[in-house]
Amino acid sequence: MSITGTARHAGVTVEVAPGGALRTLELTADALRAGGPRLADTILHAVREAAAEANERARRALEAELGDLGGAELNSLGLGTEKDLADRAEDTTPDTWRV
């Protein structure tokens, strides 16, 4: 099973692994026309959002398999959550992973 997170913003689509490692990046012509600084901001925003989703999915999968490891252990694995993105990530978690 491959756990990833995906986000789309302003012509930018990213897929990342837990921890935020970029797996794919797609840019539309419109995104490229936005210019360097705006494109960079859009990419970073999408990666941050996708990483929060992937991290939450990985966290849920680990908790389902191993029980509650505690926040510190999961954070040390790079699976910390960003509070402002937690609701979005929770909405993407499959029901089978919910405890």
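## Surface patch

Strand 3 supplies the largest share of the nonpolar patch, 3 residues. The model is predicted, so local features need pLDDT of at least 70 and side-chain atom pairs count only at pLDDT 80 or more, while totals for chains, interfaces and linings use all residues. Residues are numbered from 1 along each chain as its sequence is written, and side-chain values use heavy atoms, with hydrogens and water left out.

The patch is formed on the surface by Leu22, Leu25, Leu27 and Leu32, which together have about 340 Å² of accessible area. Patches consist of residues with over 30% relative accessible area and no salt bridge, like charges being joined within 9 Å and nonpolar side chains (Val, Leu, Ile, Met, Phe, Trp, Tyr) within 5 Å. A salt bridge is a side-chain nitrogen of Lys or Arg within 4 Å of a carboxyl oxygen of Asp or Glu. Areas come from the Shrake-Rupley method with a 1.4 Å probe; for residues, only the protein chains shown count as cover.

Leu27 is found in strand 3. Leu27 has a relative accessible area of 34% and is therefore partly exposed (buried is under 20%, exposed over 50%, partly exposed in between; 1.4 Å probe, protein chains only).

Three strands make an open, antiparallel sheet in the order 1-2-3. Strand 1 (5-9) and strand 3 (22-27) are the edge strands, each pairing on one side only. From one strand to the next, the twist averages 10°.

Strand 2 (residues 12-16) pairs with strand 1 over 5 bridges in the antiparallel sense, and with strand 3 likewise over 5 bridges. Pairing requires at least two DSSP bridges between the strands. Val14 of strand 2 is the bridge partner of Ala7, and Val14 also stands opposite Leu25 in strand 3. The hairpin of strand 2 and strand 3 has 5 residues between the strands, and there Gly19 takes a positive phi near 90°.

## Helices and whole chain

The chain has 4 helices and 3 strands, arranged along the sequence as β-β-β-α-α-α-α. Both are DSSP runs numbered from the N terminus: helices are H or I of at least four residues, strands E of at least two. Helix 2 (residues 36-66) lies across strand 1, strand 2 and strand 3, at about 150° to strand 1. Axes are lines fitted to C-alpha atoms, for helices over the stretch in contact, and angles run from 0 to 180 degrees between N-to-C directions.

Of the 99 residues, 34% count as buried. The chain exposes about 5900 Å², with 52% supplied by carbon and sulfur atoms. Among contacts (heavy atoms within 4.5 Å) with a separation of 6 or more, 54% join residues 24 or more positions apart.
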